[in-house]
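Hi,

Here is the structure I promised to pass on.

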Amino acid sequence: MADPQQAGPQQANPQPARQQQAERTRLARLKRRADFLRVAGLRRKWVTPGVMLQVAGALPGETGPDQGGTTIQIGFTASRKVGNSVVRNRARRRLKAVVDEVMPLHAKPGLDYVLIARRDTPTRPYALLVEDLKLALRKTGALRSEREAS
């Protein structure tokens with residue numbers, strides 16, 4: 001008789017709908033200055049102690065025809081007010097980590113987002129940065145509803 005521990009991998013439970021949706025959501029980067037200016041020009045933003053979030057609808061064709069509207073384009077910026085180059089880079093890395101955790105599950109696809117680091121971003125506790133981003137998504141109307149997640 002075979003030992004159950006050596007029998008091999010068991011059938012995994014099916015993933016929840018939100019997790020499957022997050023796996024289909026693709027994160028892309030905004031890199032051109034024109035894209036940053038377009039998002040800022042719509043003036044749809046929310047400011048929290050850890051981050052400023054700006055939101056705009058994606059341009060048609062920017063997300064690619066094969067994506068089916070599941071791409072989220074994100075840009076990051078940190079001005080010299082945040083600190084020297086080492087501090088600004090740390091702030092951007094922290095924002096990227098928060099985005100990788102929050103955006104696939106909670107952000108509406110088909111929108112462009114710009115996250116701007118603030119003075120508190122490099123030192124703010126990570127859990128508070130996550131909550132700041134979720135609050136900003138909700139206040140800008142970019143929070144994915146439960147119906148959209150399934």
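A quick definition before the notes: two residues are in contact when they have heavy atoms within 4.5 Å. This is a predicted model, where local features need pLDDT of at least 70, side-chain atom pairs count only at pLDDT 80 or more, and totals for chains, interfaces and linings use all residues. Residues are numbered from 1 along each chain as its sequence is written, and side-chain values use heavy atoms, with hydrogens and water left out.

Start with P122. Setting aside neighbours within four places in sequence, P122 is in contact with V82, V87, R90, A91 and R94. A91 is 31 residues from P122 in sequence, yet their C-alphas are 4.7 Å apart in space. P122 sits in the loop between β5 (111-117) and α4 (126-139); helices (H or I, at least four residues) and strands (E, at least two) are DSSP runs, numbered from the N terminus. P122 has a relative accessible area of 13%, so it counts as buried (under 20% relative accessible area, 1.4 Å probe, protein chains only).

As for the whole protein, there are 5 helices and 5 strands, in the order α-β-α-β-β-β-α-β-α-α along the sequence. Of its 150 residues, 38% are buried. Looking at contacts between residues at least 6 apart in sequence, 80% join residues at least 24 apart.

Definitions and conventions: Buried means under 20% relative accessible area, exposed over 50%, partly exposed in between (1.4 Å probe, protein chains only).
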